[in-house]
Amino acid sequence: YPDINLFDSYPAEYVQKKKIKCWPAGHASGGFALLSLFFLFKKRINQIYALSFALTVGWSMGTYKMLIGDHFLSHTIITMLIAWLLVLIIYKIINSIEKEKY
């Protein structure tokens with residue numbers, strides 16, 4: 001594959017044999033979606049358990065896909081950060097809606 005930057009196009013003479021799909025890490029995102037369980041619990045120890053479980057599942061799936069060559073470490077890290085950011089945004093929106101009700 002040619003070396004291209006993030007927003008660059010492939011060279012005109014490059015013929016792609018198959019469609020490349022590897023970012024973000026889809027399997028890992030399913031595991032990292034479980035990060036939302038953190039806000040389900042109120043006790044700190046249960047939040048830590050939920051966070052540990054979600055990270056374990058996400059990283060297990062991400063590591064598996066890295067070992068078979070479908071993803072790179074950066075794909076899994078970015079997927080984790082995107083998942084956590086989305087969970088935080090959704091929590092903030094829901095929390096602000098709940099506060100407006102009362």
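Biologist: Let me start with one side chain: is tryptophan 84 buried or exposed, or does it fall in between?

Modeller: A residue is called buried under 20% relative accessible area, exposed over 50% and partly exposed in between, with a 1.4 Å probe and only protein chains counted. Tryptophan 84 has a relative accessibility of 26%, and therefore it counts as partly exposed. Before we go on, please keep in mind that this is a predicted model, in which local features need pLDDT of at least 70 and side-chain atom pairs count only at pLDDT 80 or more, while totals for chains, interfaces and linings use all residues. Residues are numbered from 1 along each chain as its sequence is written, and side-chain values use heavy atoms, with hydrogens and water left out.

Biologist: How many aromatic pairs does the structure hold, and how does one describe such a pair?

Modeller: Two quantities describe a pair of aromatic rings, namely the distance of the centres and the angle of the planes. Rings of Phe, Tyr and Trp (its six-membered ring) pair if their centres lie within 6.5 Å, and planes under 30 degrees apart count as stacked, over 60 as edge-to-face and the rest as tilted. In this structure there are five aromatic pairs. In one of them, phenylalanine 39 and tryptophan 84, the ring centres are 6.1 Å apart and the planes meet at 10°, so this pair is stacked. It joins distant parts of the chain, since phenylalanine 39 sits in the loop between helix H1 (26-32) and helix H2 (44-67), whereas tryptophan 84 belongs to helix H3 (residues 73-101), 45 residues apart.

Biologist: Which angle do the ring planes of phenylalanine 39 and tyrosine 91 make?

Modeller: The planes of phenylalanine 39 and tyrosine 91 stand at 15° with centres 3.9 Å apart, so that pair is stacked. This pair, too, links distant parts of the chain, from phenylalanine 39 in the loop between H1 and H2 to tyrosine 91 in helix H3, 52 residues apart. Tyrosine 91 has a relative accessible area of 36% and is therefore partly exposed. Together, Phe38, Phe39, Trp84 and Tyr91 make up one aromatic cluster.

Biologist: How many helices and strands does the protein have?

Modeller: Helices (H or I, at least four residues) and strands (E, at least two) are DSSP runs, numbered from the N terminus. The protein has three helices and zero strands, and its elements run α-α-α from the N terminus on. Its radius of gyration, taken over C-alpha atoms, is 18 Å. Along its principal axes, the C-alpha trace spans about 60 × 30 × 20 Å, and 20% of the 102 residues count as buried.

Biologist: Which residues of H2 are buried, and what covers them?

Modeller: In H2, the buried residues are Gln47, Ala50, Ala54, Val57, Gly58, Gly62 and Lys65, and what covers them includes H1 and H3. Take glutamine 47, whose relative accessible area is 11%. Leaving aside neighbours within four places in sequence, glutamine 47 is in contact (heavy atoms within 4.5 Å) with Phe38, Phe41 and Lys42. In H3, the buried residues are His75, Thr76, Thr79, Met80, Ala83 and Val87, and their cover includes H1 and H2.

Biologist: Which residues does UniProt list for "transmembrane region"?

Modeller: The unreviewed UniProt entry lists residues 23-41, 48-67 and 73-94, although such annotations may be inferred rather than shown by experiment. In the model, residues 48-67 are 100% helix and 0% strand, with end C-alpha atoms 28 Å apart, and residues 73-94 are likewise 100% helix and 0% strand, with end C-alpha atoms 32 Å apart.

Definitions and conventions. The radius of gyration is taken over C-alpha atoms; the globule rule is 2.2 Å times the number of residues to the power 0.38.
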